[in-house]
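Hi,

My notes follow below it.

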Amino acid sequence: MTEWNPWHGCHKFSAGCLNCYMFRRDEQIGLDCNIIRQTKSFNLPLMKNKNKQYKITSLDDPVYVCLTSDFFIEEADQWREAVWDIIRSRSDLHFKIITKRIHRLMECIPYDWDDGYENVTIICTCENQQTADERLPVFLSLPIAHREIIHEPMLESIEISDYLSGGGIEAVTCGGESGSRARICDYSWILNTREQCIANNVSFYFKQTGANFRKDGRVFHIERKLQMPQALKAGINFHSTIQSSQVNNKYDTIFRRIEASEFRSSFKLDEKDIKYIDDKGMDIIRRHAFDFIRQRLAPAFLKNDGKQTPMRGHPVFKAQHATATCCRNCMKKWHGIPVGTALREDDINFAVNLIMEWIERQRKNNSSLKTNIE
Ligand code: SF4
């Protein structure tokens, strides 16, 4: 995940802030988190390396903005215009802004915002029913090109169907609270949000369990490093069939380039592959893709690079050849990901998302072909 924190510091604002990890972290190093200050990475998206290339490239997006503050906090009003300038000038990147202060958006937008920047997603945080009912009507009434909701830390079951039904929300993410004083997160709340998302065809992501996770009445204490993998292991993410134009455009460009290769475009999923995917479900296939990429491509040095991905035997193998994510040299040639260093989490996510997008498109082609024949 790429982070850009142009300023640091915040004030506790609502129930979700009670155990804010930033306050904990700053306290440990003797900093007063209530003092809002610019950081050294204020210009990060404009910074270049010694080869005169941007440090953050389009492979790094989305870029999460202000994870150690709130983008719309009052003290940052003096700096925000400069940040909008940076966001505008890096139209090749997609920026995600998470906020609890959605009511301030109209005071903080740049002069040319209109219906929102195409390269910005605003994510409204609602940790309980009260904050959802206060913030979401405001959120939906504002001019924003891409909107998502996050329930983190999720403090209770939250009903948001009425807000999802209008079609203005692209995704909902849920997660528990971390830290030694973490409040409980109950799996049934997560599943309830998932059901609401599926009913409204909105993408749903279970990001992390939190430190104290309750399932079927039993509380599990989960180590920090296992909170995200455990959530992924649940296999309950849901990918809406309505994709934002931004995501479509990004993949269209990559696929157009790759499909020009006779070798890459020769790979297709057959009936057997489609049946396997349908039997397992897309979440399991995604987990397989993660496993293959992590085990066979992620290490810095691979003795068998170029030979680690079979030509058949699993739909993900075919997808890897079709998307040039089959070996590190192909990843370098087609996607600019360097060899000789371990893949970063963002590179892994990029490869898996590309593989899954190719599989999804193959499935769609396959079913429309069937319908035409019938
Ligand atoms: S708004 Fe976010 S960053 Fe600010 S105190 Fe609350 S949880 Fe922490």
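Helix 12 (residues 315–322) is largely enclosed by the rest of the structure, because seven of its eight residues are buried. Buried means that 20 or more other C-beta atoms, placed from the backbone, lie within 10 Å of the residue's own; 12 or fewer is exposed, and in between is partly exposed. Helices are DSSP runs of H or I, at least four residues, numbered from the N terminus. The buried residues are Pro315, Val316, Phe317, Lys318, Ala319, Gln320 and Ala322. Alanine 324 follows helix 12 and has a positive phi, near 60°.

This is a predicted model: local features need pLDDT of at least 70, side-chain atom pairs count only at pLDDT 80 or more, and totals for chains, interfaces and linings use all residues. Residues are numbered from 1 along each chain as its sequence is written.

**Leucine 354**

Leucine 354 sits in helix 14 (residues 345–373). It counts as buried because it has 24 C-beta neighbours inside 10 Å. Leucine 354 and alanine 319 are 35 residues apart in sequence, and their C-alpha atoms are 8.7 Å apart. Setting aside neighbours within four places in sequence, leucine 354 is in contact (C-beta atoms, placed from the backbone, within 7 Å) with Ile254, Thr323 and Thr325.

**Domains**

The protein chain is assigned domain 1 (2–233) and domain 2 (245–373). These bounds come from an automatic or database domain assignment. Taken over C-alpha atoms, the two domain centres are 29 Å apart.

Best regards

Terms used. Helices (H or I, at least four residues) and strands (E, at least two) are DSSP runs, numbered from the N terminus. Two residues are in contact if their C-beta atoms, placed from the backbone, lie within 7 Å.
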